[in-house]
Amino acid sequence: MVIFNTISSFLLAAVLIVGALQTRVSGQNCGCTTNQCCSQYGYCGTGDTYCSTGCRSGPCYAASQRSSNGNRVSDTVTVAFFNSIANQAGGGCPGRGFYTRAAFLEAARSYPDFGTLSSADVYKQEVAAFFAHVTHETGHMCYIEEINGASKAAEYCDKQNTQYPCKAGEGYYGRGPLQLSWNYNYGAAGRSIGFDGLNNPEIVARDRVVSFKTALWFWMDQCHGIITSGRGFGATIRAINGPKECDGANPSTVSARVQYYRDYCNQLRVDPGNNLRC
């Protein structure tokens with residue numbers, strides 16, 4: 001009787017193991033959604049288990065996002081720092097509750113060089129600069145979309161751009177933390193991040209992680225090198241909105257951006273450096 005039970009238990013365990021192996025094999029063909037990673041074992045999800053070591057596809061990131069002196073972006077963008085900006089959005093602001101630190105940090109995992117590389121001064125300057133522009137562009141994270149943006153949709157279609165042609169009925173006006181604009185930016189951001197920027201630009205105003213990713217995508221492409229090479233905050237203003245603000249075009253908005261930058265550098269206890277205006 002004891003032998004029979006032992007054999008039965010062994011056979012049952014074997015069946016369970018085979019079943020588990022079959023489940024794992026069936027999970028190895030990842031068909032993850034845009035915001036999910038395909039893990040080293042073939043499963044979809046988010047977080048370190050899926051997006052770090054062995055990640056096969058999706059928004060994978062390095063196991064460690066620390067710089068040479070041990071910094072993580074979450075160490076710099078603390079709850080207090082983030083909320084000092086976001087909490088200034090009024091209760092009626094569409095961005096209140098949409099822009100969250102958790103969404104920002106999840107998006108930042110896809111850009112491990114942001115706010116981590118170089119010296120302590122430089123990575124703090126980068127964080128201060130990024131959030132200074134976010135603050136100005138969104139009114140302290142109040143706005144998700146450009147005010148009256150839909151009425152200006154035609155202004156943001158570059159018909160000469162054949163790589164990312166405008167789609168009828170879609171508007172490529174400002175959306176997200178850095179107010180992503182123009183068909184060529186929506187198209188390129190979508191291709192890099194993994195969404196259909198030309199046919200579905202509205203996702204930038206609906207998905208908070210995608211929204212932050214578009215801002216970080218633009219930042220890393222256009223502004224990251226400016227800060228890390230020491231060219232100064234003023235050059236990032238030129239990269240973001242140069243023709244409309246720089247060279248005397250709108251000195252008051254330049255001053256506003258610079259003031260936010262100085263404020264955030266002060267919070268992070270870092271010197272803002274030189275060349276603050278464009």
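The chain has 11 helices and two strands, where helices (H or I, at least four residues) and strands (E, at least two) are DSSP runs numbered from the N terminus. The model is predicted: local features need pLDDT of at least 70, side-chain atom pairs count only at pLDDT 80 or more, and totals for chains, interfaces and linings use all residues. Residues are numbered from 1 along each chain as its sequence is written, and side-chain values use heavy atoms, with hydrogens and water left out.

Read from the N terminus, the order of elements is α-β-β-α-α-α-α-α-α-α-α-α-α. The chain comprises 278 residues, of which 44% count as buried; buried denotes under 20% relative accessible area, exposed over 50%, and partly exposed in between (1.4 Å probe, protein chains only). Of the contacts between residues at least 6 apart in sequence, 60% join residues at least 24 apart, a contact being defined by heavy atoms within 4.5 Å.

For "active site", the unreviewed UniProt entry lists Glu137. UniProt positions are given in the numbering used here, feature names are shortened, and annotations may be inferred rather than shown by experiment. In the model, Glu137 is found in helix H6, which spans residues 120–138. Residues up to four places away in sequence aside, Glu137 touches Pro177, Leu178, Gln179, Ile240 and Arg257.

Ile240 also takes part in the contact between helices H8 and H10. The axes of H8 (residues 208–222) and H10 (residues 233–245) come within 11 Å and cross at roughly 120°; axes are lines fitted to C-alpha atoms, for helices over the stretch in contact, and angles run from 0 to 180 degrees between N-to-C directions. H8 and H10 are therefore oblique to each other, given that angles under 35 degrees count as roughly parallel, over 145 as roughly antiparallel, 65 to 115 as roughly perpendicular and the rest as oblique. The crossing of H8 and H10 is right-handed, a term used if the near helix is turned clockwise from the far one by less than a right angle, with anticlockwise being left-handed. Phe218, Trp219 and Gln222 of H8 meet Thr236, Ala239 and Ile240 of H10 in this contact. By class, four of the contact residues are nonpolar, two are polar and none is charged; Ala, Val, Leu, Ile, Met, Phe, Trp, Tyr, Cys and Pro count as nonpolar, Asp, Glu, Lys and Arg as charged, and the others, Gly among them, as polar.

H8 is also the packing partner of the buried residues of H7. In H7 (residues 183–193), the buried residues are Asn183, Asn185, Tyr186, Gly187, Ala189, Gly190 and Ile193. Gly194 follows H7 and has a positive phi, near 110°.

Positive phi also occurs at residues other than glycine. His140 has a positive phi of about 60° and is placed in the loop between H6 and H7. The relative accessible area of His140 is 15%, and the residue is buried. Arg269 likewise has a positive phi of about 60° and lies in the segment after helix H11 (251–268). Arg269 counts as exposed, at 77% relative accessibility.

A further loop position is Gly91, between helix H4 (79–86) and helix H5 (101–108). Gly91 is exposed, with a relative accessible area of 74%. The C-alpha atoms of Gly91 and Cys142 are 9.1 Å apart in space, while the two residues are 51 residues apart in sequence.
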